[in-house]
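Reader: Hi! I have a structure open on my screen and would like to learn how to read its features. Could you take me through it?

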Amino acid sequence: MEGVNHTTYATRFVLLGLSAHPKLEKSFFVLILVMYLVILLGNGILIVVTIYDTHLHTPMYFFLGNLSFLDICYTSSSVPLILDSFLTPRKTISFSGCTVQMFLSFAMGATECVLLSMMAFDRYVAICNPLRYPIIMSKAAYVPMAVGSWIAGAVNSVVQTSLAMQLPFCGDNVINHFTCEILAVLKLACADIITNVISMVVANMIFLVMPVLFIFVSYVFIISTILRIPSAEGKRKAFSTCSAHLTVVIIFYGTIFFMYAKPKSKDSLDAGKQQIADKLISLFYGVVTPMLNPLIYSLRNKDVKTAVKNMLTQKFFTE
């Protein structure tokens, strides 16, 4: 008897998540829900403050407002799905829903990489070439920079998502993840994925490696300029203007490096534990960084703290 061809064009996917650990699901539901609410509140306040306070109508805070909006979009593309999966015995997602979720996650991730490099350039000009800062970082320059970041992320996501979702899939279409993470989806493909691999390598070079190099070079010049400032107070003030951005960059790229650079276990038992650990690391990467961003910028930035205080004070007294 001839073998049966199980190649199918999927209509639904099953998200495995933490199905094998139902007790963990309840605990993580509460934890992730609280973190998601903090993300919405913290980033929402930053967006309102950067629009509300005219003192923050500068390129740095314009980029910060974009970053906060991006973090809300990024987490909202996956966290509600994850929370629902913690409460639902049969964790399924439609093909179209999977496509949209993958597109949004990819677009937001790539956009953040480019946006962080634009913010590094802004800090480079402000510290290394302060006299020309108003000319170089005019509204005619920084608005297209931000728009270009969003467009670049969207174009990359269209390419990667369309290449992945046009593949035929095998078996039960079970994705061993919380969301439609592209690497987990590609494991289900029945066709050759060499085109997808090449495309992702090129995209990683453009959206990960190049921004990291650009940020690194920018901070080499920034630090060398700060070290040449004669007074200790001048050095402190100069560094304080970029310390929040540098902290966010280290957390963002440090987590990515940790996720993909750590060694893989070959032992089957350890491999099973590692799969759970990888999923949890990916889960927390998707919520911890967006949650920390507004805290870092508000705690380490006097202008933001003052603007938030003024906004809350005015709201309190007007009521």
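Reader: Which helix gives the largest share of the positive patch?

Author: Good place to begin, and keep in mind that this model is predicted. Helix α11, residues 302-318, supplies three residues, the largest share of the positive patch.

Reader: Which residues form the positive surface patch?

Author: Look for K237, K302, K305 and K309, which together make it up.

Reader: Is K302 buried or exposed?

Author: The idea is to compare a residue's relative accessible area with a cut-off: exposed means over 50%. K302 has 68% relative accessibility, so K302 counts as exposed. For the protein chain, 44% of its 319 residues count as buried.

Reader: How many helices and strands are there in the protein chain?

Author: You can find 11 helices and three strands. Following the sequence, their pattern reads β-α-α-α-β-α-α-α-β-α-α-α-α-α.

Reader: Which residues does UniProt list for "transmembrane region"?

Author: An unreviewed UniProt entry gives residues 28-49, 61-83, 103-121, 141-159, 205-227, 239-260 and 280-299 under that name. Such annotations may be inferred rather than shown by experiment.

Reader: What is the helix content over residues 61-83?

Author: That span is 91% helix and 0% strand, with its end C-alpha atoms 32 Å apart. Now try residues 205-227: here the chain is 100% helix and 0% strand, and 31 Å separates the end C-alpha atoms.

Note on methods:
Residues are numbered from 1 along each chain as its sequence is written. This is a predicted model: local features need pLDDT of at least 70, side-chain atom pairs count only at pLDDT 80 or more; totals for chains, interfaces and linings use all residues. Side-chain values use heavy atoms; hydrogens and water are left out. Patches are made of residues with over 30% relative accessible area and no salt bridge: like charges are joined within 9 Å, nonpolar side chains (Val, Leu, Ile, Met, Phe, Trp, Tyr) within 5 Å. Accessible areas come from the Shrake-Rupley method with a 1.4 Å probe; for residues, only the protein chains shown count as cover. A salt bridge is a side-chain nitrogen of Lys or Arg within 4 Å of a carboxyl oxygen of Asp or Glu. Lys and Arg count as positive and Asp and Glu as negative; His and the chain ends are not counted. The place of a charge is taken as NZ of Lys, CZ of Arg, CG of Asp or CD of Glu. Helices (H or I, at least four residues) and strands (E, at least two) are DSSP runs, numbered from the N terminus. Buried means under 20% relative accessible area, exposed over 50%, partly exposed in between (1.4 Å probe, protein chains only).
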